[in-house]
Amino acid sequence: MAAKKKIKATVKIQIPAAKATAGPPIGSSLGPHGINIGQFVKDFNAKTADKEGLIIPVIMTIYEDRSFDFVLKTPPAAVLIMKELGLSKASGVPNKTKVGKLTKAQVEKIAKIKLPDLNATSLESAMSMVKGTARSMGVTVEE
């Protein structure tokens with residue numbers, strides 16, 4: 001059995017899918033750990049090519065021998081809601097200015113995408129979380 005690698009650091013960053021570059025914020029986040037940033041950028045862009053236009057959270061585990069592993073998470077609910085409604089940004093005053101309306105089917109679609117990364121055991125509770133995010137963005141939700 002191979003020896004277990006010793007973890008040097010865990011880094012969390014959010015990167016636009018298929019658009020990673022070695023510059024900031026990636027270079028400045030990963031550079032101090034001495035890993036091959038070019039290799040990470042190439043791997044990340046290849047894995048996220050089908051998710052163009054979304055922001056993808058990444059959790060990187062960097063080992064003492066300068067090797068690394070990374071796990072892709074689902075995009076933030078706010079990003080999914082804005083993409084679903086075609087919005088460029090959320091409301092600055094969500095309690096007064098409404099910027100869109102989500103149907104129950106759209107909420108369910110977003111909840112199904114987010115379910116693996118949410119602290120929810122059922123689709124209904126995941127939908128409730130998505131609705132809360134939508135309301136905080138100034139998006140009304142159809143009941």
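Before we start, the model is predicted, so to speak of a local feature takes a pLDDT of at least 70, side-chain atom pairs count only at pLDDT 80 or more, and totals for chains, interfaces and linings use all residues. Residues are numbered from 1 along each chain as its sequence is written, and side-chain values use heavy atoms, with hydrogens and water left out.

**The core**

Let's begin inside. The largest nonpolar core has 34 residues, and Leu30, Phe40 and Met60 touch the most other members. A nonpolar core here is a set of buried Ala, Val, Leu, Ile, Met, Phe, Trp, Tyr and Cys residues joined through side-chain atoms within 4.5 Å. Buried means under 20% relative accessible area, exposed means over 50%, and partly exposed is in between (1.4 Å probe, protein chains only). In soluble globular proteins, nonpolar side chains tend to be buried together.

Take leucine 30: apart from neighbours within four places in sequence, leucine 30 is in contact with Val11, Ile35, Ile37, Phe40, Met60 and Ile62. Contact means heavy atoms within 4.5 Å.

**The aromatic rings**

Phe40 turns up again in an aromatic cluster, together with Phe44, Phe68 and Phe70. The structure holds four aromatic pairs. Rings of Phe, Tyr and Trp (its six-membered ring) pair if their centres lie within 6.5 Å; planes under 30 degrees apart count as stacked, over 60 as edge-to-face and the rest as tilted. Here are two of the pairs:

| Pair | Centres apart | Angle of planes | Type |
|---|---|---|---|
| Phe40 and Phe68 | 6.2 Å | 75 degrees | edge-to-face |
| Phe68 and Phe70 | 6.5 Å | 25 degrees | stacked |

Phenylalanine 40 sits in helix α2 (residues 37-47) and phenylalanine 68 in strand β3 (residues 68-72), so this pair links parts of the chain 28 residues apart. Helices (H or I, at least four residues) and strands (E, at least two) are DSSP runs, numbered from the N terminus. Phenylalanine 68 is buried, at 16% relative accessible area, and so is phenylalanine 70, at 12%.

Not counting residues up to four places away in sequence, threonine 61 touches Ile7, Ala9, Ser67, Phe68 and Asp69. Threonine 61 is buried too, with a relative accessible area of 17%.

**The helix contacts**

Now for helix α5 (residues 123-136), which packs against helix α3 (residues 77-85) at an angle of about 70 degrees, with the axes 10 Å apart. That makes α3 roughly perpendicular to α5, a label for angles of 65 to 115 degrees (under 35 is roughly parallel, over 145 roughly antiparallel, and the rest oblique). Axes are lines fitted to C-alpha atoms, for helices over the stretch in contact, and angles run from 0 to 180 degrees between N-to-C directions. Ala77, Ala78 and Ile81 of α3 meet Val130, Thr133 and Ala134 of α5.

Helix α4 (residues 104-114) meets α5 as well: their axes come within 9 Å and cross at roughly 110 degrees. So α4 is also roughly perpendicular to α5.

**A loop residue**

Finally, is asparagine 95 buried or exposed? Asparagine 95 is exposed, with a relative accessible area of 62%, and lies in the loop between α3 and β4 (100-102).
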